[in-house]
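Please look at the sequence and the structure first.

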Amino acid sequence: MLRTAEHPGRRARLLTGALAIAALLAALMALWQTQFRPLARQDYCWGTWSEEGGPFRGEAGGVRQRVSRESAPGPGRPHGRCTLSWRGGDRGGSGGPGIERRLEVRYDTGPEAADERRAWLAGLFAGGDSPLPDALPGFVTATSGTLVLPESCDVRGRPSVVTLTGSFPDASPARTGRLLLEVANRAAKATGCAGEARPMASPGAPGACAIPGIAGPAGTGSAEPDFETCALAATDAFRWAARFAMTARPRIVALFDGLTGDSPPAPGWRAHGRIEATGALVRADCAGRPTVFTMRTGPGRTGTRADDPRRAFPAFVDAVAGRIGCAPLRSA
């Protein structure tokens, strides 16, 4: 009779012990998963790219040592920044530390003050860029790109701009352009200011260029009816002598609002703006379209007519105006 009375108590104690062991095992498993297996995949740059997508795609040796710093845009917050760094591949397949990569994305409107804005715009156009295809309001190189968002994303009358710079596998204007469009679509969606832009064709490859009537170093550039560039380099792309650009794409032209004043750069000009020792900026009406022409000198300046804004810039304006059907912007 005594053994029969004790049996239920023993069973309860055994059950309690089994439950405690199961709980301990579950806790250890959760700890192991937390330490050694990610519970969820990480997304980067405001949720634009997955761990294996975007700039990480193409790393033959895998991606290691990712570091991400983000300030995300959102409703009522029309600005943001994302910086990624990582190591990818390895040198010679030796299992070494790999190649250091970096990418930075910015979403903002730039400064409001005129002088600061001119300097900011010079930075945007710093790469001898090719225009984005399909008349998209932007330009791109293998390592950088700029896209102006639709007017619905303007902030206090200033266009919002998404810029991307970096180094990643298989870098090319086409790949950089796709990454730029992906992150710009994400930024516009996050703030709710615009819909998703259509897929982008591949940008055209830059070709040779020269300033008519001006002897000087060889140049590379791109020419479309509404966007033309020419970059003259005395020795290499990192020591360029001068860069010229024309754009009639309305959203890019809007970046220069308020910067050209109401006076011609010199007597006889049918345009507003200025020509200075280190560069030039004018805005004019060309066949009914507001059009901007720019020039800036660089670290490889030769001191010749080729990079003298007083000589080379008028020659560039004359040549481009003739190609795009624009009435002459200055008298002979």
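The model is predicted. In it, V105 touches C45, W46, W49, G80, R81, C82, V162, T163, L164 and V183, leaving aside residues up to four places away in sequence.

In soluble globular proteins, nonpolar side chains tend to be buried together.

**Disulfides**

A disulfide is a covalent bond between the sulfur atoms of two cysteines. How many disulfides does the structure hold? There are 4. Counting the bonded cysteines along the chain, the pattern is 1-2, 3-4, 5-6, 7-8. The table gives values for some of these bonds.

| Pair | S to S distance | Torsion about the S-S bond |
|---|---|---|
| C45 and C82 | 2.1 Å | about -75 degrees |
| C153 and C193 | 1.9 Å | 80 degrees |
| C209 and C230 | 2.0 Å | about 85 degrees |

C45 and C82 are both among the residues that V105 touches. A disulfide joins these two cysteines. The torsion about their S-S bond is about -75 degrees, so this disulfide is left-handed. The pair links distant parts of the chain: C45 is in the loop between α1 (2-36) and β1 (63-71), while C82 is in strand β2, and the two are 37 residues apart. Are these cysteines buried or exposed? C45 counts as buried because its relative accessibility is 0%, and C82 is buried with a relative accessible area of 0%.

The link of C153 and C193 is right-handed, with 80 degrees about the S-S bond. C153 lies in the loop between β6 (144-148) and β7, and C193 lies in the loop between α3 and β8 (207-209), so the pair ties together parts that are 40 residues apart in sequence. C153 has a relative accessible area of 3% and is therefore buried. C193 is buried as well, with a relative accessible area of 16%, because buried means under 20%.

For C209 and C230, the torsion of about 85 degrees makes the disulfide right-handed. C209 is in strand β8 and C230 is in strand β10 (residues 227-233), so this bond ties together parts that are 21 residues apart in sequence. Both cysteines, C209 and C230, are buried.

**Aromatic rings**

A pair of aromatic rings is described by the distance of the centres and the angle of the planes. The count for this model comes to 7 aromatic pairs. In one of them, the ring centres of F56 and W86 are 4.8 Å apart and the planes are at 75 degrees, so the pair is edge-to-face. F56 lies in the loop between α1 and β1, and W86 lies in strand β2, so this pair ties together parts that are 30 residues apart in sequence. F56 counts as buried at 3% relative accessibility, and W86 counts as buried at 2%.

The rings of F244 and F316 have their centres 5.2 Å apart, with their planes at 40 degrees, so this pair is tilted. F244 is in strand β11 (residues 240-247) and F316 is in helix α5 (residues 309-323), so the pair ties together parts that are 72 residues apart in sequence. F244 and F316 are buried. Ring pairs also link F125, F139, F227 and F256 into a cluster.

R66 lies over the face of F56, at 4.6 Å from the ring centre. The charged end of R296 sits over the ring of W240, 5.8 Å from the centre of that ring.

**A residue in a loop**

T260 lies in the loop between α4 (250-253) and β12 (272-275). Why does T260 count as buried? The relative accessible area of T260 is 12%, and buried means under 20%. Leaving aside residues up to four places away in sequence, T260 touches H272, G273, L281, V282 and R283.

Note on methods:
Residues numbered from 1 in each chain as written. Predicted model: local features only at pLDDT ≥ 70, side-chain atom pairs only at ≥ 80, totals over all residues. Heavy atoms only, no water. Helix = DSSP H or I, 4+ residues; strand = E, 2+ residues; numbered from the N terminus. Buried < 20%, exposed > 50% of the residue type's maximum accessible area, 1.4 Å probe, protein only. Contact = heavy atoms within 4.5 Å. Disulfide = S-S within 2.5 Å. Phe/Tyr/Trp six-rings, centres within 6.5 Å; stacked < 30°, edge-to-face > 60°. Lys NZ or Arg CZ within 6 Å of the ring centre and 35° of its normal.
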